[in-house]
Amino acid sequence: MLSLGHSAIGKWSKVCLGCILIITISLLIGGCWDQRELQERLFVLAVAIDKADEGGDTKKEKDKRSIENFVQPNGNKLYHLSYQILQLTPASGSGEGARKASISTYVISSTGESMFEMLRDMLGQVSKGFWFEHIQAIVISEGAAKQGGLQPLIDMFHRDTEMRWLIKLLITSGEAKKLLEFKPPSGEPGGMFLARSLRLYKKNPHVPGWIPGLGETTQAIDNKKTVQISRVELVDDIVKIGGTALFKEGKFVEYIDEYATKGTAFFSASEKSAIITIECPDHPGKILAFELFRHETKLTAHVNGEDIYYTLDIGMKGNLGESQCGNQYNAMDEETIHKVELLVAEEVKHNILYAFHIYQGLQVDPGDFAAKLKAHEPLAWERVKEHWDEATFPNVSLLPSVNVTIESIGSHK
Amino acid sequence: MAKKKWISCLLIICACIVTAGCWDMRELQDRNFVLAVAIDKADEVKEVETFVQPHGTKRYRVSLQILKFASGGEQKEETNTFIKSNTGESIFEMVRDMLGQSSKSLWFEHIQVIVISDAVLKDVGLSEILDFFKRDAEMRSRIKLYVTSGKAQSIIEFNPPSKEPGGVYLANIIRLHIKNVHVVGSRTDLGYTIQYFDNNSNVLLPRIEMSDKVVKLSGSAVFKKDKFIGYADEYAVAGLKIMLGTEKSAVVTIDSPKTPGHQVVFELFRHDTKLTPHVENGVIYYTDDIIMYGNIGELQGDISLNDTLDPEYLRILEVAFAEEIKRNIYYAEKVFKKDMKVDPVSRFAGKLKIHEPNTWEQVKDQWDEIYPTIPLYVSVNVSIRNIGNHK
């Protein structure tokens, strides 16, 4: 009897235990115990960093800034930080009165020195916490970059765990906040628009897209390399990305134009596609464009005694992308095509040397040249590394040799 | 038998009527939910709005923010609230008279926030204004209270860019006080404020300001009992929160010891704060012992010079952060104790009462005079952790 009683109790406790287990598991796997709705989060899509005294000239703007401000125990009011916040409005209602879900953005700002302190103080302006996992772009104004260099601006973003490595960096000569307030005509949120435009660098060598984001920039700063950041400009309602800003050891050096950016792409072999234009061989004043499909690029360092020089061998294949040379122009003729190939090769060389001389003039190595020497001629590198940027690099020579082949001729004359 | 049948039939019918739950139904859209209240000094009395008052003067303007339920239609309105306002002296009387401006009765259960203009508080005590809200059965204890130096009505008229109803937006800002050390957030709602009045304590309320399209909560309005005596800035609020140990997280900035002119930031994760009263030979003093754990949140100087992987440098930073925190606490002490002569939320009095009841009995009558002369000794210990990923 006793044993029977025991087994009965054992059975019941097992059943109870089983029930409790099932209830616990179903509570947990329901996934609701720590749920947080999308519209309950404030996603920060883009960040703008300006100098504190940029903008804010009107009285209204000044009043606004006095409210945004806070008493700062240390440091000065150096920067004006703005966040672009995603506004998700869920769909509501049904039938005729239904409202569609919509996406929009708005911008809030603060002024201070430490980005972190400003961030926390900006919580006084919003009703929900910020989420930084989805920052797409950080736009820095030239004024802010010149003021203290790049490092103070991006330190918080590479230190904080919420930030991603692939956040895109952009620089503008105007007010960065204006770019966050810009509403793209496509209806995308502004931050997405900026980040996505940069992804088209493969087809547009006017954008230095091969240095994609915050991660690479941080690495470059840590390795004391040159940092290249895309330039973006806003005039009225036109936003345009093109050209590069160069930073040496975190300090702003200079902008280089689209043509030099393209040249840089050629010697770092980072272009996937490019359009190279030349003047028509027999029809001056008219233009002909070569479309690059594929290329093979090899930059080699040579040391000859004290003398350091580089050779750049490029083989390019592509087709005739556009010919404005007129109807008489016969692209089927082999000789004509060969002439074009030579002219395109000349143009590529010219472009490369144009960019190279700009870098030499600024005493900034875009990175490729020191790296090649270090890897292939370590002894020579040891000798010159102390004064590479100031003394050696501006005096080395670059000998480009370009070979162009035009393929796929025939469909049109 | 037949009688029983009849009774049971009747019972079933009654049960049906009651359980259907429709006998006292009232649709949501038929209620006017009040989301926010603003109390200003009566500026200009508009005749249509107001009423003939048998007693008192047109002293206050009370504005109510009412939730608008969009029911169908193609209207693409930006706002989801509207404002009604009235002038008078008794808030209750004004609210009842406002029914003349509304087609549905007003529901106060969902008031989120009461914004009070400091112009009102300069004339009368806070408790007079809050009396109606604490007495009425419809009001909740968790209503947030804010003070503004501008016009309270324009703050509840503000349409937040996040498209929430204004009152909900305003009330939710304060919930972020956990991360934002510039805001006094814990125990500043209606329920606690009334408790403070009942206990004869001093009161702190968060300050809200607005300009154009920016609304910001920061700093604090300071009350001696229920009398408004001024504002404390963000730095003083941060110092006070750290002094009393009510902060959950904070960022502390210092000038980098190795690269002056650039900032290093400490992010507080966890702390242990102990404010203790001491009585020695009839002399009262307080000690505040604080231990803080956190990491380096931001470093703006040259990283190669600020080598945080070096334990010695880390030690220098820890000491510098501790110094800054001390400075912050002493600043708060100066603002509240020396300048305003107020014991914020009567925390110091409370500590003495609990730990040294005999001394408290002796001094409680002259506490307001004695308190500004009592010294506070602060000791801060900072420990920086989670170093390594970045220099």
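How many residues of chain B are in contact with chain A, and how many residues of chain A are in contact with chain B? In the predicted model examined here, the contact takes in 45 residues of chain B and 36 residues of chain A. On the side of chain B that touches chain A, the elements of chain B giving two or more residues are α6 (166-173), β7 (203-211), β8 (214-224), α8 (234-244), β10 (250-255), β11 (263-280) and β12 (283-299). The most is given by β8(B), with five residues. By residue class, this side of chain B consists of 17 nonpolar, 16 polar and 12 charged residues.

The overall form of chain A was considered next. Its secondary structure comprises 13 helices and 13 strands. The radius of gyration of chain A is 29 Å, whereas the globule rule gives 22 Å for 413 residues; the value for chain A is well over that figure, so the chain is more spread out than a compact globule. The C-alpha trace of chain A spans about 105 × 65 × 65 Å along its principal axes. Buried residues make up 39% of the 413 residues of chain A. Among the contacts in chain A with a separation of 6 or more, 74% join residues 24 or more positions apart.

Chain A is assigned two domains, domain 1 (38-92 + 100-256) and domain 2 (269-406). Their centres, taken over C-alpha atoms, are separated by 34 Å. Contact between these domains takes 11 residues from domain 1 of chain A and 11 residues from domain 2 of chain A. On the side of domain 1 of chain A that touches domain 2 of chain A, two or more residues come from each of β8 (238-248) and β9 (251-256) of chain A. The largest share of that side is the three residues of β9(A). The residues of this side of domain 1 of chain A divide into five nonpolar, one polar and five charged.

Chain B is likewise divided, into domain 1 (27-232) and domain 2 (241-384). The centres of domain 1 of chain B and domain 2 of chain B, taken over C-alpha atoms, lie 34 Å apart. In chain B, 14 residues of domain 1 are in contact with 14 residues of domain 2. The elements that give two or more residues to the domain 1 side of this contact are β7, β8 and β9 (227-232) of chain B. Three residues, the largest share of that side, belong to β9(B). Eight nonpolar, four polar and two charged residues form the side of domain 1 of chain B that touches domain 2 of chain B.

Leaving aside residues up to four places away in sequence, A:V139 touches A:A46, A:A48, A:L170, A:T172, A:A176, A:L179, A:L180 and A:V232.

In α7(B), which covers residues 190-198, B:L190, B:T193 and B:Y196 are buried. These residues lie on the same side of α7(B) because they cover an arc of only 120 degrees around the axis. Their cover includes α4 (126-135), β6 (144-148) and β7 of chain B. Following α7(B) is B:N200, which has a positive phi, near 65 degrees.

In α4(B), the buried residues are B:L126, B:L130 and B:F133. The arc that they cover around the axis is only 45 degrees, which puts them on the same side of α4(B). The elements covering the buried residues of α4(B) include β5 (113-117), α3 (118-121), α7, β7, β8 and β9 of chain B.

B:I303 is located in the loop between β12 and α9 (311-339) of chain B. This residue counts as partly exposed because it has 18 C-beta neighbours inside 10 Å, where 20 or more would be needed for a buried residue. The C-alpha atom of B:I303 is separated by 9.5 Å from that of B:T259, and the two residues are 44 residues apart along the chain.

Technical notes:
Residues numbered from 1 in each chain as written. Chains lettered and ligands numbered in written order. Predicted model: local features only at pLDDT ≥ 70, side-chain atom pairs only at ≥ 80, totals over all residues. Contact = placed C-beta atoms within 7 Å. Helix = DSSP H or I, 4+ residues; strand = E, 2+ residues; numbered from the N terminus. Nonpolar A, V, L, I, M, F, W, Y, C, P; charged D, E, K, R; others polar. Domains from an automatic or database assignment. Buried ≥ 20, exposed ≤ 12 C-beta atoms within 10 Å, placed from the backbone. Arc of directions from axis to C-beta. Rg over C-alpha atoms; globule rule 2.2 N^0.38 Å.
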